[in-house]
Amino acid sequence: WAFAIWCLFPIYWLASMSLKRQVDAMARTPRFLFQPIWDNYLAVISAGDIWGYFGSSLIVALATTAAALALGIPTAYVLARYRFRGNADYGFWILSTRMTPPVAMLIPFFVLYVRTGLMDTYPGLVIAHVAINLSIVVWLMKGFFEDLPSELEEAAFMDGATYFQAFRQICLPVALPGIAAVAILSFLFSWNEFLFSLVLTNEIRTVPVGLYSFVGYQQVRWGELSASAVLMLVPVLAFVFIFQKQLVRGLTMGATK
């Protein structure tokens with residue numbers, strides 16, 4: 001219960017801030033008892049910008065997840081099942097892309113996008129997000145495939161299946177819990193990404209960049225900022241709650257025999 005309270009308190013504080021007046025939000029002593037108002041939600045909804053942020057984030061996150069899975073799952077299967085010269089080196093090189101500070105990757109992306117015309121486009125932002133998430137997909141799926149018994153594929157080969165048929169018809173269905181878990185994580189990472197979305201886009205604003213617009217030079221509109229964050233948090237929480245069984249099963253796959 002103590003750990004649950006520790007984790008859930010920021011969400012409670014965010015929700016309470018969205019119901020406060022500016023004077024209550026800026027109070028030096030935090031006010032847990034206050035008169036709730038709905039003006040912040042009405043102001044955000046009536047402005048309409050939030051739905052554009054939501055749509056952009058949904059397009060980018062779904063496209064990023066689909067592309068990362070399409071590229072990462074076959075790569076992870078090859079690294080897990082086949083031994084060839086440089087196998088470990090390729091795996092470490094893919095993982096090292098996640099170790100690199102994002103700001104170090106941002107400058108090459110910016111220069112390349114300016115020269116190729118990918119600035120402020122959905123394909124450009126999706127490519128950047130895939131580059132960030134691909135290593136996570138490959139390494140998690142590599143562990144899932146390594147936990148699958150090789151006898152499944154050997155039996156398929158004895159029945160005349162090709163390597164691709166064994167992968168598509170045998171390994172993929174068995175690894176669906178892991179694929180679901182990786183897809184959820186990839187979606188969340190893309191949904192919450194801020195730095196690349198801020199620098200590589202102008203008109204296309206995702207949710208994190210849109211929320212940043214409530215932070216002004218002289219003041220922060222805490223009520224509207226919190227209300228927008230709550231509205232953008234609801235779909236993600238609903239998505240995780242709906243697929244929480246697949247997420248837990250995928251993340252614990254191979255932990256028990």
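User: Which residues of α3 are buried?

Analyst: This is a predicted model, in which local features need pLDDT of at least 70 and side-chain atom pairs count only at pLDDT 80 or more, while totals for chains, interfaces and linings use all residues. Residues are numbered from 1 along each chain as its sequence is written, and side-chain values use heavy atoms, with hydrogens and water left out. Buried means under 20% relative accessible area, exposed over 50%, and partly exposed in between, with a 1.4 Å probe and protein chains only. Helices are DSSP runs (H or I, at least four residues), as strands are (E, at least two), numbered from the N terminus. In α3, the buried residues are Asn40, Tyr41 and Val44. Seen down the helix axis, the buried residues of α3 fall within an arc of 95°, taken from the directions from the axis to the C-beta atoms, so they line one face of the helix.

User: Why would such residues point the same way?

Analyst: An α-helix has 3.6 residues a turn, so residues three or four places apart point the same way. On the face of α3 turned away from its buried side are the exposed residues Leu42 and Ser46. The cover over the buried residues of α3 includes α1 (2-18), α4 (49-81) and α13 (222-242), where contact means heavy atoms within 4.5 Å. Just after α3, Gly48 takes a positive phi of about 85°.

User: How many residues does helix α9 have, and what span should they give?

Analyst: The expected span is 1.5 Å times one less than the number of residues. For the 12 residues of α9 (residues 163-174) this gives 16 Å, and the end C-alpha atoms are 16 Å apart, which agrees. Ala166, Phe167 and Cys171 are buried in α9; viewed down the axis of α9, they fall within an arc of 95° and therefore line one face of the helix. Among the elements covering the buried residues of α9 are α4, α7 (122-147) and α8 (151-158).
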